[in-house]
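Visitor: I have a model open and would like to learn how to read it. Please take me through it feature by feature.

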Amino acid sequence: MTTPTSLPEALSEIEELRGQVRELLRLLGQEAPLNTGAAGLSTSEIAGLDGMPEISLAQVSLERKQPGRERTQIVAEERNVIEIAPDIIFKLDLHGNLAGWNKRLETVTGFVPEELNGRPAVSFAPECEREQTAAAIRQAFEQGYTELEGHLLTKAGRMIPYHWTGATLENHLGHVIGLIGVGRDRTVLKHAEEALRTSEARFRE
């Protein structure tokens, strides 16, 4: 990701990230199988993220439709994509508790799988943001989709700016069984926005 040099570029960058997340969530609804991860948890096999070397959303989607390929191989490849993704990918149960995640969540938060399993999603937000986080989760269940700008609270107490996008996860009968979402670190973009504001203020002066 390049650092925006103007306010329009920063806004364009944000919109592009949202588009990538929407594409990911769209693919989640296309026969996304469940897989038991190393932590013994049921996690959604999620296809691709932008920026992965030699792998793209289009490639993964195409591979899933190729009848000559073994299903187990495709699932294994999708699992690898999930694990090396630079974004946090997670699944919540119907109570808003963590039911699945990729390795990135452990790396960023410092929590081990035993501490993450069943952990309430709102506990990852600082106290001052937990009410709006709970509201965003309710909105996802009621309307099928939600976005939230906030912070991720690590085990060490560090707050990292994150943009969260979530959507309802349904079974083959169309029944909602939880939420699936993506969290993107906005630290670099935040710094760029602050630099832009400072630059514009100096220009006005």
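This is a predicted model: local features need pLDDT of at least 70, side-chain atom pairs count only at pLDDT 80 or more; totals for chains, interfaces and linings use all residues.

Visitor: How many bridges join each pair of strands, and which residues are partners?

Guide: Take the pairs in sheet order. Strand 4 and strand 3 pair over 3 bridges, and Lys91 has Gly100 in strand 4 as its bridge partner. Strand 3 and strand 7 pair over 5 bridges. There, the partner of Ile88 is Gly183 in strand 7. Strand 7 and strand 6 pair over 9 bridges, with Ala167 partnered by Ile180 of strand 7. His163 stands opposite Arg184 in strand 7. Strand 5 and strand 6 are joined by 9 bridges, and Leu152 has Ile160 in strand 6 as its bridge partner.

Visitor: What should I look for in the hairpins?

Guide: Check the glycines for positive phi. The hairpin of strand 5 and strand 6 has 5 residues between the strands, and Gly157 takes a positive phi near 90 degrees. The hairpin of strand 6 and strand 7 has 5 residues between its strands, with Gly174 at a positive phi near 85 degrees.

Visitor: Are strand 6 and strand 7 mostly covered or exposed?

Guide: Start with the cut-offs. Buried means under 20% relative accessible area, exposed over 50%, and partly exposed in between (1.4 Å probe, protein chains only). In strand 7, 7 of the 10 are buried. For the protein, 42% of the 205 residues count as buried.

Visitor: Now helix 6. Why do its buried residues line one face?

Guide: An α-helix has 3.6 residues a turn, so residues three or four places apart point the same way. In helix 6, the buried residues are Thr133, Ala136, Ile137 and Ala140. Seen down the axis, they fall within an arc of 100 degrees, so they line one face of the helix. That arc is taken from the directions from the helix axis to the C-beta atoms. On the other side, Glu131, Glu142 and Gln143 are exposed. Arg138, also in helix 6, is partly exposed at a relative accessible area of 47%.

Visitor: What do the buried residues of helix 6 pack against?

Guide: Contact means heavy atoms within 4.5 Å. These residues pack against strand 3, strand 5, strand 6 and strand 7. Just after the helix, Gly144 takes a positive phi of about 90 degrees.

Visitor: Which residues have the most contacts inside the largest nonpolar core?

Guide: A nonpolar core is a set of buried Ala, Val, Leu, Ile, Met, Phe, Trp, Tyr and Cys residues joined through side-chain atoms within 4.5 Å. The largest one here has 20 residues. Those with the most contacts inside it are Ile88, Leu92, Leu98, Leu116, Leu152, Tyr162 and Trp164. Among the elements giving two or more residues to this core are strand 3, strand 5 and helix 6. Leaving aside neighbours within four places in sequence, Leu92 is in contact with residues including Leu98, Ala121, Ile137 and Ile177.

Visitor: Is Glu106 buried or exposed?

Guide: Glu106 lies in helix 4. At 15% relative accessibility, Glu106 counts as buried. Beyond its neighbours within four places in sequence, Glu106 is in contact with Trp101, Phe111, Pro113 and Leu116.

Terms used: Residues are numbered from 1 along each chain as its sequence is written. Side-chain values use heavy atoms; hydrogens and water are left out. Helices (H or I, at least four residues) and strands (E, at least two) are DSSP runs, numbered from the N terminus. Two strands pair if DSSP finds at least two bridges between them.
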